[in-house]
Amino acid sequence: MDISYQIPRAALGWMLISVLLVIIPLSVRMPVWVSVIAIVCIVWRALIFTGNLNFPGRLMRIAVVVFTLIISVSQIRNLGVGLDSAASLLALGFVFKLIEMRQKRDIYVVISLCFVMLMVAFLYSQSVLMTLYIAAVVTIITGAMIALNRSPLIVDTTGTLAMAGKIFLQAVPLTVVLFMVFPRIAPLWAVPIQSNSGTTGVTDEMSPGDISQLGRSGDLAFRVQFENTLPPLHRDLYWRGLVLDAFDGETWRRTRSSSLSSASALTNFRWNWEERIRTDGSGIYYNVILEPTQQPWIYGLHLAQPQSRNVFQSRNFELFNDGLITQRLSYDLLSFANNQTDLILRDNVRSRNLGLPTTGNIQSREFARQLRASVDSDRDYAFAVLAHFQRNQFFYTLNPALLGENRIDDFLFSTLEGFCEHYASTFAFLMRTVGIPSRVIVGYQGAEYNRFENYMMVYQYNAHAWNEVWLEGEGWVRFDPTAAVSPERIEIGVEAALRDDPAFLEKSLFSAMRLGRFSWLNTMRLRLDAIEYEWNRRVVSYDEEAQFELFERLFGEITEQKVLLLLLGLAGIVILGVALTVIRIEPGSRHDPVTKLYLRVSRELEKIGLARLRGEGPLNYRDRVAAAKPELAGVMGELTALYVELNYRSKRRTEAQMKQQLKAFRRLLGRLRLNLSPLARLQQ
Amino acid sequence: MFSLNLNKQAEIPADIVESDFSLQVGAAVTEVSKALLGKEHQIRLALCCLFAGGHLLIEDLPGMGKTTLSYALAKALGLGYNRIQFTSDLLPADILGISIFDQNTHEFLFHPGPIFSQLVLADEINRTTPKTQSALLEAMEERQVTIEGETRVLPEPFFVIATQNPVTLAAGTYPLPESQLDRFLMRLHLGYPDQRAERELLEMNTERDKIASVKQCLSTADVLNFRKHSARVNASDSLLDYVQRLIAYTRGTDEFHFGLSPRGSLAVMRAAKTWALMCGRNHVIPEDVQTILPAVAEHRLRANSDEDGHTGASLVQRLLNAVDIIE
């Protein structure tokens, strides 16, 4: 081990900056103290360089290892085995490596770790911004490698950066090609990634306050693009999520048995599907890109028919993905706006959709019965309830007053204020009380249109709850009591309805949405989101399937032969590229033009057996050639004089002079050839 | 190939361009040749060594003209000349000088030794003890001597031409160690004269006559001028590359016991530049390096199997054949 090795100042600077930049995106996800330790280690390493501190001793290093072990155990206990605990453990090891970085070898370890840590950051976020940031950091790490391999005396930051940039740009085409064609091999194992674990969107339970909680969040839920058609009107944008049909007096729940539990049930369901629905056949196609929710269910306009693999439908026409959605999911749907479902209601479904707690809310039950008696039909009754909401001073707010034990009574007769879940819950209760099957639907309502890329954005604050009521001869009919209270919520959007509500978007104080009141900012926000959308659609969601499609488009039908040929071809291109690079760095071919021409002189003379010998100087060579072939003496003399002039007389020359002299050299070379050809013939 | 080059060494080296310097050199070579017949190349190398400000070690058998060469050089260049005959009982004071008490003035009076001269011939340097050798070698390096606490500067220019009989030959000698050999810029062998020169030599009367016929053709100022200008001779990047490759080869190849030291590589450049200047050029070409390299590097190199330091010559030839002027 070379004790005296000192990491060059410039290289160390680059190194520490790289480490800092690598840690920054991770620090958002990791516990604060990891970031603090990282900064301490970076400063420590810098102080070691200046000589103010020493490398850690043996005891210190053992202490650090023990500390890391304890931390990792406690991390796994707190966070579970998963990305977060693994990432913070990796980060700890990474920054501790810094303070014992002595040798060149150690720096290479740290540099490799930098790249690994960047990949970890990619697990958390694959946004455009993140990608650009990582590209920049990769360039800087490359700069660190360059600085490491340059002379320690050179401190040329701009030069290093320029070179790193050049290397980065050179790597881009290869990266793109590899991204497009590299086989997507399924991982052997997977770390459960809890990205966006905070907000998971709509859940399969609905208690008062759940959805209004979402209303405070400005996070994106999903983006939708309609194919070849204009999007439906805002008031028709009911993104149906889950059907909640079990009510215990406080919380609406989804009945688990309504999902398909076995293969036979699925087959049975498929048989019945066509019989249960009536549509006019005019559907619209659209694509949804859903942000990760950690839940299996997905959203679509009722009544949707899945067009993607891995998307299934439940008995209640809810949509499910095959597995939890831990990363952005793109799926295609076909929806029929004009539809009727379940014209004949099966008994067990009917009874489930009529279930109510036997006690409580006496006042409401009485109210319902009286109102039902005053109208002729179930349909009229439903509208009468809506009219009740409309007529009285009901108020649409994110911050409703707290409700007592008899929530429905309290809401209906005393507080009169609530968010959509209050209205939906109360409405369903009032329906069920008088024997009309009804249920709560949770999902999203509305969207923001992005005119730049012609798609729609649905945010968490678009979360909504509404009802479906079963009417004789009509099947399930959608009712939205919120629309009766706050028509602008449905017609225009939740932003308009809650503009003055202080609780709206309170979680994202400086959210784009709030700033969006300034029109230019809003434009910018939409443009940025449009870029992000395109990025997600074209890059992030580029998977095996998309790859397959691309291949099919490029090469027609995929056969094993073609795939093999393609892979071989690509491997060939890569190997060729590497080979060319190697040849280019091979010494001997990087001569300056003067030397190249001089070597050609030797090659020409080789034809008559007078090649320049190894170690022979130009004048000696000239003399030897002149002695052997006196007729070449003149031209050889001129060539040698010019070569010596160009190669050994370091006089400053302008570009033009240089060109002129090279031209003269070439002319002389031509003359030599001319003189040579009769000699060569003679020799033959 | 270089055996061919070796044979040519006796001839006038590479192209000589006419310039003040090359004319002066030509005149000096002619003068010295009057005393030492048929040894133009060696005379040129000796001149090169002196013009480069280095010291010269001449190693050859007795009677080959070592002393004649140094004396003729001193005469042709018009330098003050002193000769010290090294014997086993020579003491440092015999070289440097001594203070003697003067009875009349009642003071110690310093009597400078033979070292206080522009050109010192240290004859048979390996005959004396290392103690005395090092006194001389110190003076060579420092160009000053300290006697009885007083530092005295040696004259300018100051050259030492040391001669020694081949180490293999001489019994009762103290061979110079590598560290001291390194202080000589060049080591020359004179070799037997060729037939023509031998004949001419035989036709002459006495040796004294020859040296008497050598006339001064350069002045001390000329010598210093050479040294000044040789520093300004250009060495292009491709030439420096070549020299570096040569040096790297000596350091990185197994057959060399040790490579050229930085002092050695500096010596190569210094001699090559002076040689180029002597040929009337103000830029160095590979031939310059190749010409001076045997003289400059032979005594600094040694093969792994070498015991007495006489493999340098073949090593240098092998080096020149192995390293191409173009990478």
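A residue counts as buried if 20 or more other C-beta atoms lie within 10 Å of its own, as exposed if 12 or fewer do, and as partly exposed in between, with C-beta atoms placed from the backbone. By that rule, buried residues make up 32% of the 684 residues in chain A. This is a predicted model, in which local features need pLDDT of at least 70 and side-chain atom pairs count only at pLDDT 80 or more, while totals for chains, interfaces and linings use all residues. Residues are numbered from 1 along each chain as its sequence is written, and chains are lettered from A, with ligands numbered from 1, in the order in which they are written.

Let us begin with chain A, which has 25 helices and 21 strands. Helices (H or I, at least four residues) and strands (E, at least two) are DSSP runs, numbered from the N terminus. Two residues are in contact if their C-beta atoms, placed from the backbone, lie within 7 Å. Among contacts in chain A between residues at least 6 apart in sequence, 73% join residues at least 24 apart.

Two strands pair if DSSP finds at least two bridges between them. Strand β17 (residues 438-445) of chain A runs antiparallel to β20(A), joined by seven bridges, and V440(A) has N467(A) as its bridge partner. Strand β21 (residues 475-479) of chain A is also antiparallel to β20(A), with five bridges; here V469(A) stands opposite V477(A). Three residues separate β20(A) and β21(A) in a hairpin, and G473(A) in its turn has a positive phi of about 85 degrees.

Now for the helices of chain A. Two packed helices are described by the angle between their axes and the distance between the axes. Axes are lines fitted to C-alpha atoms, for helices over the stretch in contact, and angles run from 0 to 180 degrees between N-to-C directions. Helix α11 (residues 362-374) and helix α13 (residues 407-415) of chain A pack at about 65 degrees, with their axes 7 Å apart. On the α11(A) side the contact is made by Q363(A), S364(A) and F367(A), and on the α13(A) side by I408(A), D409(A), L412(A) and F413(A). These contact residues divide into four nonpolar, two polar and one charged, where Ala, Val, Leu, Ile, Met, Phe, Trp, Tyr, Cys and Pro count as nonpolar, Asp, Glu, Lys and Arg as charged, and the others, Gly among them, as polar.

Further along chain A is helix α24 (residues 633-648). The expected span of a helix is 1.5 Å times one less than its number of residues. The 16 residues of α24(A) should therefore span 22 Å, and the end C-alpha atoms are 21 Å apart, which agrees. Its buried residues include V635(A), M636(A), L639(A) and Y643(A).

Turning to chain B, we find an open sheet of five strands in the order β2-β5-β8-β1-β9, with parallel pairing. Its edge strands, β2 (81-85) and β9 (184-188), each pair on one side only, and the twist averages 20 degrees from one strand to the next. Within this sheet, all six residues of β8(B) are buried. F159(B), I161(B) and T163(B) point one way from β8(B), whereas V160(B), A162(B) and Q164(B) point the other way. Four bridges join β1 (residues 55-59) to β8 (residues 159-164) of chain B, and L57(B) stands opposite A162(B). Four bridges also join β5(B) to β8(B), with V120(B) opposite V160(B). Helix α4 (residues 66-77) of chain B lies across β1, β2, β5 and β8, running at about 175 degrees to β5(B).

What lies in the interior? A nonpolar core is a set of buried Ala, Val, Leu, Ile, Met, Phe, Trp, Tyr and Cys residues joined through C-beta atoms within 7 Å. The largest has 111 residues, and L56(B) and A271(B) have the most contacts inside it. Its largest share, nine residues, comes from helix α12 (residues 262-278) of chain B. A second, separate core of 76 residues includes F222(A), Y331(A), I408(A) and V458(A).

Finally, the two chains meet in a contact that takes 23 residues from chain B and 17 residues from chain A. On the chain B side, the elements giving two or more residues are α11 (237-252), α13 (286-297) and α14 (312-322). The residues of that side divide into eleven nonpolar, seven polar and five charged.
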